[in-house]
Amino acid sequence: MTLTARSRLPRSAALALLALLAACAPEPPAEAPPPAVEAPPPPDRPDPPPVDQAALRRERAENARAAAARAEAAAASPASRNMRDYLAGIEEALIARGRLRTDAGSEIALTPEKLTDAFIEVALHDEYMREGGKLISRPTPAPLRRWQQPVLMRLEFGDSVAPDQRARDRAEIAGFAARLARVSGHPVALTGGAGNVNVLILNEDERRAIGPRLSSLMPGIPSGDIAALRDLAPQNYCTVFAYSSGNSPVYAQAVALIRAELPPRLRRSCIHEELAQSMGLANDSPRARPSVFNDNEEFAYLTRHDELLLQILYDPRLRPGMTEAEARPIVLQIARELLGTEV
């Protein structure tokens, strides 16, 4: 048997040998760099044409003059002139009799019971009832109604409303919408797009021709309501119609009509009353005082009393569809809480 002899190197010598062998091994070839990407430079973009600010100002001024001329021509019709004179006389007479007050009526004491009665009269009654396809002025018990979706007010003017008056109306309605939102806790705003509360400011001639526009704006609106808006009696300075889907107590859309011929105080009063009523305070009552929801025209603008009614209406303890019997004890409790924080 032949044995193969093995010799063992010391550990340090073995490591040195391995290092030497590694140093003698050829290095791997270096990787070639990737080819350069060649692409044509992007084309030069032409500079935008210079804006002629002077031309823009001239164009805006010409548009404003044209709109003012259209408004003047539309407002000069005999029917519109007569209505404007009539309403100016009404405002003057009301103010002379101490009506259309612009103060808060703070001298009138409020109690939870009075506030509850006013709420029931205003929020749980309709001012009109339908009879034979027509609207008859007759207060009728109704369930509690209000909005669940955000209220988006859309403003539409007739040609008779001059540009400067449009700007004032738009600012007034935007500010009042913000107030309604703050008081009720429900989202309310003026929108420049599609809305669910259409606010129309029209003169006599424009209102009388409103039928086709209403049918387009609010498909399904009853023909009797179109007639009521088209043939609005002179003593009705403004009005609002709110609608639900089917028998639901939740509002889905509304339309408010405000006469373009109204003088300043009556105009602002109409904005306050009709837009607040579109929130669900549908009726007027002599028991509501101090309030804009009272046909005696004592107060021109929304009062603290009316703000309390809105707070009650949108309190989560109430729900759409409630009857007076269901709502009254809850309303009384809310009224006690609201007034208790103020005395």
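These notes cover helix packing, a disulfide and some local backbone features.

1. **Basis.** This is a predicted model, in which local features need pLDDT of at least 70, side-chain atom pairs count only at pLDDT 80 or more, and totals for chains, interfaces and linings use all residues. Residues are numbered from 1 along each chain as its sequence is written, and side-chain values use heavy atoms, with hydrogens and water left out.

2. **Terms for the helices.** Helices (H or I, at least four residues) and strands (E, at least two) are DSSP runs, numbered from the N terminus. Two packed helices are described by the angle between their axes and the distance between the axes. Axes are lines fitted to C-alpha atoms, for helices over the stretch in contact, and angles run from 0 to 180 degrees between N-to-C directions.

3. **α10 on α11.** Helix α10 spans residues 304-313 and helix α11 spans residues 324-340. Their axes come within 10 Å and cross at roughly 130°. That makes α10 oblique to α11 (angles under 35 degrees count as roughly parallel, over 145 as roughly antiparallel, 65 to 115 as roughly perpendicular and the rest as oblique). The crossing of α10 and α11 is right-handed; a crossing is left-handed if the near helix is turned anticlockwise from the far one by less than a right angle, and right-handed if clockwise. From α10, Leu308, Gln311 and Ile312 meet Val331, Ile334, Ala335, Leu338 and Leu339 of α11 (contact means heavy atoms within 4.5 Å). By class, this contact of α10 with α11 has seven nonpolar residues, one polar and no charged. Ala, Val, Leu, Ile, Met, Phe, Trp, Tyr, Cys and Pro count as nonpolar, Asp, Glu, Lys and Arg as charged, and the others, Gly among them, as polar.

4. **Burial of α10.** Eight of the ten residues of α10 are buried, so α10 is largely enclosed by the rest of the structure. Buried means under 20% relative accessible area, exposed over 50%, and partly exposed in between (1.4 Å probe, protein chains only). The buried residues of α10 are His305, Asp306, Glu307, Leu308, Leu309, Leu310, Ile312 and Leu313. Their cover includes α4, β3 (146-147), α5 (163-184) and α11.

5. **α4 on α11.** α4 and α11 pack at an angle of about 135°, with their axes 8 Å apart. α4 and α11 are therefore oblique to each other. Their crossing is right-handed. On the α4 side are Pro112, Glu113, Leu115, Thr116, Asp117, Phe119 and Ile120. On the α11 side are Glu324, Arg328, Val331, Leu332, Ala335, Arg336 and Leu339. The residues of this contact of α4 with α11 divide into eight nonpolar, one polar and five charged.

6. **α3 on α9.** The axes of α3 and α9 come within 9 Å and cross at roughly 90°. These two helices are therefore roughly perpendicular to each other. Leu87, Ile90, Glu91, Leu94 and Ile95 of α3 make the contact with Pro264, Arg265 and Leu266 of α9. By class, the contact of α3 with α9 has six nonpolar, no polar and two charged residues.

7. **The disulfide.** A search of the whole structure finds one disulfide, defined as a pair of cysteine sulfur atoms within 2.5 Å. It joins cysteine 238 to cysteine 270, S to S 2.1 Å. The pair links distant parts of the chain, 32 residues apart: cysteine 238 is in strand β7 (residues 238-244) and cysteine 270 in helix α9 (residues 264-277). The torsion about the S-S bond is about -85°, so the disulfide is left-handed. Cysteine 238 is buried, with a relative accessible area of 11%. Cysteine 270 is also buried, at 3% relative accessibility.

8. **Backbone points to check.** A cis peptide bond joins arginine 289 and proline 290, with omega about 0°. Proline 290 lies in the loop between α9 and α10. Glutamate 297 is found in the loop between α9 and α10. Phi of glutamate 297 is near 60°, a positive value in a residue other than glycine. Leucine 100 has a positive phi too, near 55°. Leucine 100 sits in the loop between α3 (78-96) and α4 (112-123), and is buried at 0% relative accessibility.

9. **Threonine 191.** Threonine 191 is in strand β5 (residues 188-191). At 22% relative accessibility, threonine 191 counts as partly exposed. Leaving aside neighbours within four places in sequence, threonine 191 is in contact with Leu152, Met153 and Arg154. Threonine 191 and alanine 174 are 17 residues apart in sequence and 8.6 Å apart in space, C-alpha to C-alpha.
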